[in-house]
Amino acid sequence: MDSIVVTGGTPLKGQIAIAGAKNAALTLMPATLLSEEPLTLTNAPRLSDIATMTALLQSLGVEVTSMQDGKVQVLSSHAMTSTTADYEIVRKMRASNLVLGPLLARHHQAVVSLPGGCAIGARPMDIHVTALEAMGAEIELKDGYLHATAKGGLKGAKVPLRFASVGATENVLMAATLAKGTTVIENAAREPEIVDLAHCLRRMGAQIEGEGTSTITIQGVDRLGAATHPVVTDRIELGTYMLAPVFAGGEVECLGGRLDLVGSFVEKLDAAGVDVTETAGGLKVKRRSERAKAVDVTTEVFPGFPTDLQAQMMAMLCTADGTSVLEEKIFENRFMHAPELIRMGADIEVQGGVATVTGVKRLKGAPVMATDLRASVSLILAGLAAEGETTVSRIYHLDRGYEHIEEKLSAVGAKIERVSS
Ligand code: EPZ
């Protein structure tokens, strides 16, 4: 298994190009199931999660053609062969459950394995099921699979979500485009990836209003057509690389970065003593002084502080001046990076969903282990600031969400390399 070795202490300088969003691509790709016409996605990220989604869609009979080294994906579901999403694939990636809504909408049936839990939490699908049942689907859980049918197709309905679930909003939004009548999603998730999906569906001929707000209204249509859509910039990769110069010192420009994607995150950076400047190409980031300041962070649904940047922020606060309190309100077990950071000399106390971080002068390099995607990148970032060498193992977690991280960081001066063992 590969590891990544980081040697800390070198200030960073230069530009990092931010890729298309993993969490947008993972809902845009299944949208191809809604039409027999081709869907072309540009600015697609090159990640193992995209390869997993490709394999899942191909197992259903979807044709997927990658071009320009994976940056362009052409998908076509004119020759479907199956409506069953197999456990072997779904267990590897929860986002596989995003085929449920589109399959039900166009094929009136779907058999989708429950994803099972993952490192950060149980991650049930009750909100997805309740919402689709409100639209006339009959869904039964058998042998770990959701068996869903919609005789005569889905019907438009009022769909209140008990929690603004990103995936449930995406499944319902896609399903509603072909339902008979009007669907109103209440308490919808407002993440930029939802807005991006709505823009793509509208290009395909869907009638949607209100994306980005808590109420989305969809007027069902008989069919959707071909479209070409650019995947929105990845706000989590953006936030991750914006933090790199805060750890290591220096200044980095994140090309493609947009303030509207990281509003609440930038507010916290400002409070921590970090300058973020808009440039013609993106966002330039620089620490105001030798040490960042402690800040409190609570993760919320968008536009609040993103849970997917919590681990990276915690790692940065390990060497900030003062004590920070981080509250994780989205997932029940998303502090697994804490014990690894403690191995590097961090002072962190975890009580349930609250972590208290007391800043130390400097972390020390150590062998550490990645446990989930965002935890693994927080350890790489910590290594940029630590004294000596940090070896991060199990980096297959990392490759799910960050394309060529060692190349992007080396290009701005970091001492980082991937070693095969
Ligand atoms: C999406 O996951 C993202 N993944 C996650 O990013 C992200 O952390 C999450 O949204 C929150 O922003 C993709 O977009 C592929 P949710 P999703 O449904 O849709 C509970 C990353 O690192 N819940 O908003 O699964 C759930 O257990 C990944 O890129 C239910 O209880 O998130 C969780 O506690 C990690 N029942 C909370 O809601 C349901 O039916 C948020 O889940 C659905 C969700």
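In which loop is Pro-303 found? Pro-303 sits in the loop between strand S18 (297–298) and helix H10 (310–317); helices (H or I, at least four residues) and strands (E, at least two) are DSSP runs, numbered from the N terminus. Before going on, a word on the model: it is predicted, so local features need pLDDT of at least 70 and side-chain atom pairs count only at pLDDT 80 or more, while totals for chains, interfaces and linings use all residues. Residues are numbered from 1 along each chain as its sequence is written, and side-chain values use heavy atoms, with hydrogens and water left out.

The peptide bond from Phe-302 to Pro-303 is cis, with omega near 10°. Phi of Gln-68 is near 45°, a positive value in a residue other than glycine. For context, most residues other than glycine have a negative phi, and most peptide bonds are trans.

Now let us turn to the ligand. It is surrounded by 24 residues, and the closest are Arg-94, Ser-165, Asp-308, Ile-330 and Arg-374; a residue counts here if one of its heavy atoms lies within 4 Å of the ligand. By class, this shell has 11 nonpolar, 5 polar and 8 charged residues, where Ala, Val, Leu, Ile, Met, Phe, Trp, Tyr, Cys and Pro count as nonpolar, Asp, Glu, Lys and Arg as charged, and the others, Gly among them, as polar. Domain 1 (2–19 + 234–420) and domain 2 (22–230) each give at least three residues to the shell around the ligand, with bounds taken from an automatic or database domain assignment.

Look next at the ligand's oxygen atoms. A polar side-chain atom of Ser-165 lies 2.7 Å from one oxygen atom of the ligand. A polar backbone atom of Val-166 is 2.9 Å from an oxygen atom of the ligand, and for a backbone N or O atom of Gly-167 the distance to a ligand oxygen atom is 2.8 Å. Taken alone, the ligand exposes 830 Å², and the protein buries 89% of that (accessible areas come from the Shrake-Rupley method with a 1.4 Å probe). Helix H1 (22–28), helix H5 (126–134), helix H6 (166–176) and H12 are the elements that give two or more residues to the shell.

Conventions. Polar contact = N/O pair within 3.5 Å; in protein donor to acceptor, adjacent residues only side chain to side chain.
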